[in-house]
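Welcome! Let us take a walk through this structure together, one stop at a time.

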Amino acid sequence: MLLATALLAPAAAFGQDHAMQKPMPRPMPRIVVIGHRGASGERPEHTLLSYQRAIDTGADFIEPDLVPTKDGELVARHENAITDTTDVAAHPEFADRKTTKTIDGQTITGWFTEDFTLAELKTLRAKERLPKIRPGNTAYDGQATIPTLDEIIALAKKESARLHRTIGIYPETKHPSYFASIGLPLEARLVAKLKAAGWDRADAPVFIQSFEVNNLKQLHTMTKVPLIQLMAGSEGPADRAYASYKEMATPEGLKAVAKYAYGIGPELTQILATDGTPSTLVADAHAAGLKLHPWTFRAENFFLMPSYRVGTDPAAHGRLAEEITAFLKAGIDGFFTDFPSIGVPARDSFLKTNGK
């Protein structure tokens, strides 16, 4: 894919001894594995613990969902609502911050990142969001803070140098229309951080993703970084640029997406139905010149398609590697997974078996 040849570090300066040259990082494989919120099946999501675990188990990219603080810093949380992913409820000094908001049509009561400064958020500790499904992750509750985008970029760069392979980041702009409406737009802040990191190129180790459309079109004018249009099997983008994601996934809709995006991030069932029946989305997207990075592969029976479950315990692990392989055979170009420790070997085995 586009990044395969371009993510090599510069060679040592002309005239230096060969022995003095730094090792060249390995290029990324043709099919990329994205650590979804890090390795969120094995560590509490969106923590440096989770991102480090994803890197250690071979992920090519780590994915931070980005939301702003009251003072405009970008931090990684799946949602701006932090009740279920931090210990904020145990902090009496923040009791008066609990409130009710409507975000993208959903009414939510709790605590929200935009009501805290970064310094205040850093006093909180992260915890597992799905303790009943992932009880093992609760052992790490309280061990990590909410990371900033700066910290995540620094981790990716440090680990790229240590491991001699390029580790990219795959940030998602969360609720961009909502944040713009309250005076905390995400786009310029994100682009500035990427430029400061030296990542404002088409071959930068970065993808920017969004479920909305208009902010991706705006980003298309602001950065050369590849953009990914996320889509789901139901409803439509919050900015109402399309009536539905189903409309976006048609051949004509995909041609329109290709004018501003490098690829799409569809929900798994948009490619293969739960009974294994394939759609035409892979062929249609490739015909429009788009790559496909579907979401999200998870090991627990609760999330797996029925044919890959083992037993009846929702928290037990089923045959995730087989499910991933079915989608690789369908022609995807990368994928999001909570378990890079399973996803990377599945990808590598597929590439080896198919001589790719």
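Is E114 buried or exposed? Keep in mind as you look that this is a predicted model. E114 has a relative accessible area of 6%, and because buried means under 20%, E114 counts as buried. You will find E114 in the loop between β6 (106-110) and α2 (118-121).

Now look at what surrounds this residue. The side chain of E114 makes a polar contact of 2.9 Å with the side chain of K101, and another, of 3.1 Å, with the side chain of N80. Leaving aside neighbours within four places in sequence, the residues in contact with E114 include P68, T69, Y178, F179 and L184.

Our next stop is a sheet. Four strands build this open sheet, in the order β7-β2-β1-β13, with parallel pairing. Its edge strands are β7 (168-169) and β13 (334-337), each of which pairs on one side only. Strand β2 (residues 61-62) runs parallel to β7 and is joined to β7 by two bridges. Here I62 stands opposite I169 of β7.

Finally, visit E63, in the loop between β2 and β3 (65-68). E63 is buried but has no salt bridge. Its nearest side chain of opposite charge belongs to R37, 5.0 Å away.

Conventions
Residues are numbered from 1 along each chain as its sequence is written. This is a predicted model: local features need pLDDT of at least 70, side-chain atom pairs count only at pLDDT 80 or more; totals for chains, interfaces and linings use all residues. Side-chain values use heavy atoms; hydrogens and water are left out. Two strands pair if DSSP finds at least two bridges between them. Buried means under 20% relative accessible area, exposed over 50%, partly exposed in between (1.4 Å probe, protein chains only). Lys and Arg count as positive and Asp and Glu as negative; His and the chain ends are not counted. A salt bridge is a side-chain nitrogen of Lys or Arg within 4 Å of a carboxyl oxygen of Asp or Glu. A polar contact is a pair of N or O atoms within 3.5 Å; within protein, one must be able to donate a hydrogen and the other to accept it, and residues adjacent in sequence count only if both atoms are side-chain atoms. Contact means heavy atoms within 4.5 Å.
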